[in-house]
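Below is a short report on one structure. Please read it alongside the sequence and the coordinates.

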Amino acid sequence: MSETEDRLEVLQGTLDLLVLKTLAGMGSLHGYGIARRIEQVSGDLLALNQGTLYPALLRLEQQGWISSDWGVSENNRRARFYKLTRKGAKRLTVEVDRWQRMSAAVNAIIAEPSRGGAR
Amino acid sequence: MMTLFNRLRDWRRRRALRARLDEELAFHLEELTREFEAKGHAKPAAQRLARIKLGNTTLVQEAHRERAGLPVVEEWWRDGVLAVRNLRRRPGYAVSMIGMLGLGLTATLTILVLTEGMMREALPVPRAHELHLVSDREGNPSWFSRLSVERLQTTWSEGAVMGYGGDTRVTVQRGGQPARRASGQLVLGNAWAGLELGVVAGRLFNRFDDEIGAGASVAVANHAWAVAEYGSPEAAVGQELLVNRQPLQIIGVLPERFRGFDGLNRVDLFFPASLQPLLAINSNANEFGSDDRPNDPDWNRESRVRWLEVLVRVPKGVAAKRVTPAVAEAAAPAIQDVLSEMRSPYEREALRNRTWWATAAPGGFSHTRNAFAEASRLLTALVLSLLVLTCANLSGLTLARTLARHREMGVRLSLGAGRWRTCRLALVEALVCGVAGALLAMVGVHWILPLAQNQFAAGADVTLAPWQAVTLTKLAGVALLCGLGCALIPAWWLSRLQPLIALKGSLGGGQFALRMGRGLVAVQLALAVMLAAVAFSLGREIDQVLSQDLGFEQDTTLTARFDVRTAGYTEEDFPSLYARLKSTAESVVGVERVGFSATGILSNSRMASTTFARGEGVGVTAESFQTEIVDVDYPGAVGLKLERGRWFSETDTEDSPRVAVVSQAFARRVWGTTEVLGNRIGFGFEPSDEDMEIVGVMSDARLNRAREDQVEAYLLPAPQFPAPLSYVAVRVSRDPEAVRERLAEAFRSVEPGLVFGSWQTLGERVDASLRRDKASSRLAGVVAGLALLLGVFGVGGSLAHLVALRQRELAVRIALGATPDHLQWGVLKDGARLGGWGALGGAVLIGGVFLGGWVPMASNPIVVAIAMACGFGAALVGGWIPARRAAKVDPIEMLKSD
């Protein structure tokens, strides 16, 4: 049980960014690999409902941001490998920029000192 | 766009994607299990933890499936399948819905294809939208001399100017084969370049082949004609042939889709305009004659003969009205020349005020097209009425069916089905019927189209293609509208249905819906009454035409057209030729009398001259009147009737005083009376010895069309007015069928170079002249019959539904002592009320149609009364079966079932 305690849910709308970024860093990866990598890089802080990855992967593929093909995993099993397309790389830049502006805006609001308590 | 394309691709391979997901999830689960086992968990615990970490796979699969599919499309598809199942369960309802829609849509598709082929097809040349016809105010082509057209090529610098003569019949002979008729047209040499038309074999003639006085003896052939004559376009090029007895060489073959300058009537051969005198083509012209000099027989050199129609290119961005001053400038010298010799102030005024317009003509100008446009308006109105009627009928049918399913709908709504979803079911069902009806129309059009083409577009050489994207899109649009039209009222009722009330078996707001249903039936009846009035009017008019004396003998006069000039005969040959033909015909058993005339009766040809009336009390001083030149036997051969005076006789010779026989209409128009014997008419402004004395007044005859107003015309004797007589009339004493072939054979044997058109009795010419009117009347009759039948079904369906809903009430009334006759009369009264409303509505519609001027003859009160009676009768017939059913309600059975 301790595995899921204090972990953060992936924010709605950020899964695309996480998948694109992971693929940009790792090249070709299968679904399990992507989920594992996200958790590892986040220091196991992000709790990802790993099944939800697959509809997201299909959506990204339909948008032309990633492509997929069958390959063989390290355990010699047939697996579907996903990789970033050129269009996906451009999209990643947009998504990263958007995220940075969003998080900066949220941080700015949080950082502002409180001016008074509730009456 | 790419996403949509990928989604469509994934939708097509959705099963493979599902299998792929299953495999990926299985792999993922295995890897997670392995991961947990590596952390020290036992296998069952590792598997459990892996499943937890992967999440709810059912939800994942559902989300994936949604993404891999097209949920909206699938939902509509499911509704479509459900609708098909529902329809299959009620075959009677389905057949009537689809059958009626199919019928309406077949008629619609037929009209769409006909109109598309006849009206909208552009000439197969680059930028056909630039083509404009130089026309009069009404859009009819204006004629010009060659000199004027050549000047226009200078004054109109914005685009090409193309001149061509009217299409005409020519006599063609190949090698030793017998002479045959073909259609030919004179064209200015630079017209092809102006059209930017290509060639499939050889070359087209150009301005160097068309030099006045030195035209090359060449011809360009139509593709279909070349293939029929020589086997292929290539084989036709270089061939020699005799056209009007003159040797010509075919130098090129036009593209397959180019039929001629009017886009509809096929022209077989085209010649340089400079060959006009050589080929003796002297028809389709407007000649101005004067005393100062005779006209040049070579029309190419004569500014007083106007014979060329003109198409100009008006490039995009240039105003078409700029053509007018350019034409005026080009025609000015010719007009000045004519004005200088014109004595009549009226004619001078008319000529001075003459102006021209540029009418958009991407498909060229065609009289056939104009005539079709008139018929197509009526056809379109009939078909639209039929469609509205069908939709009203089907809407009533669908409403009745939906009302009958109110419990089922109540259950659906109670179980949580959305209101939109419930309405959508009714819509989808109607749309499925619309699609099936459209498919039926696509099959049906193959049978109907040739029939319609034969009746309404006879003579036009068009290939009608039902499978054009534009036509099919329009059909789909109409089918969709019909489907929606049928389902709107039921869907609206469903959107207001209260589930609890529906479950109780009550109709709730259904009473209003029922009233609407009855309103629809009344509308149907009103439309049926209007259509019946139109059909009766058209039929009555044709009957009137046929029952009237057309002014000539229809059954025992055989007639045919021929052209002496194109067969190579000259003016000197005419007397001996006609004498030979006459004696040949008279030698055939059964022939009583043989006469010749210049243009003939119902021959699609006429001649007109500006005529001046002399003397006191003249109502009309000068006007263009129809003229006919006849030999002495012609009036007797065709059976024209004399009212006063005498016909021409052998004493009316070249040297005797000139005489004329006028029609009653002519006499009335010019002098206001038919007492005109001894009055004089002439061609010049000033009276002269050349004027004609009126020696006879004949009964009015329909010389040009079976349906026309009285013709103001006069006859002139051939010996005094030498002209080629191109129409022969043979009066026979026995069945014309027995004489027809022998007569044709006799003429063929004596004059093999003279080509005769088809031999027809005047009755057959009347039939041909009325063909389109008869077809319209027949179609209107069929549509009106269908409309009345639909009205019967509409009333029947509406009242039957009402009787079904009121079964319990009727049973109680019988139990309380009402007689079956009383109940039957009650239902019939309902039907009569509907019939009354329908008849009144019909009268209003007829009034609207009359005031709108669409079908003026529908104003006849007897016709309106008969049509209203038909509508009322249809309502009573429709109400009969439900009334019988109401009378047969058994109260005991009803109580038992309760």
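Which residue in E23(B) is the bridge partner of Arg593(B)? The partner is Arg731(B).

## Basis of the report

This is a predicted model, in which local features need pLDDT of at least 70 and side-chain atom pairs count only at pLDDT 80 or more, while totals for chains, interfaces and linings use all residues. Residues are numbered from 1 along each chain as its sequence is written, chains are lettered from A and ligands numbered from 1 in the order in which they are written, and side-chain values use heavy atoms, with hydrogens and water left out.

Helices (H or I, at least four residues) and strands (E, at least two) are DSSP runs, numbered from the N terminus. Strand E15(B) covers residues 591-597. It pairs with strand E23(B), residues 727-732, in the antiparallel sense over six bridges; pairing requires that DSSP finds at least two bridges between two strands. Five of the seven residues of E15(B) are buried, so the strand is largely enclosed by the rest of the structure. Buried means under 20% relative accessible area, exposed over 50%, and partly exposed in between (1.4 Å probe, protein chains only).

Helix H22(B), residues 664-671, is also largely enclosed, because six of its eight residues are buried. These are Gln664(B), Ala665(B), Phe666(B), Ala667(B), Val670(B) and Trp671(B). Gly672(B) follows the helix and has a positive phi, near 75 degrees.

## Chain A

Chain A has four helices and five strands, arranged along the sequence as β-α-β-α-β-α-β-β-α. Of its 119 residues, 41% count as buried.

Ile110(A) lies in helix H4(A), residues 86-111. This residue is exposed, with a relative accessible area of 61%. Together with Leu11(A), Trp99(A), Met102(A) and Val106(A), Ile110(A) forms a nonpolar patch on the surface, with about 500 Å² of accessible area in total. Such a patch joins nonpolar side chains (Val, Leu, Ile, Met, Phe, Trp, Tyr) within 5 Å, from residues with over 30% relative accessible area and no salt bridge. Accessible areas come from the Shrake-Rupley method with a 1.4 Å probe.

## The interface of chains A and B

Contact (heavy atoms within 4.5 Å) links 31 residues of chain A with 28 residues of chain B. The two chains bury about 2600 Å² between them, 51% of it on carbon and sulfur atoms. In chain A, Tyr32(A), Tyr54(A) and Gln62(A) lose the most area to chain B, together 27% of what that side buries. Buried area is the accessible area (1.4 Å probe) that two parts lose on being put together, summed over both.

Five salt bridges are found across this interface, where a salt bridge is a side-chain nitrogen of Lys or Arg within 4 Å of a carboxyl oxygen of Asp or Glu. Arg78(A) and Glu23(B) meet through their side chains in a salt bridge, at 2.9 Å from N to O.

Terms used: Patch = residues over 30% accessible without salt bridge, like charges linked within 9 Å, V, L, I, M, F, W, Y side chains within 5 Å.
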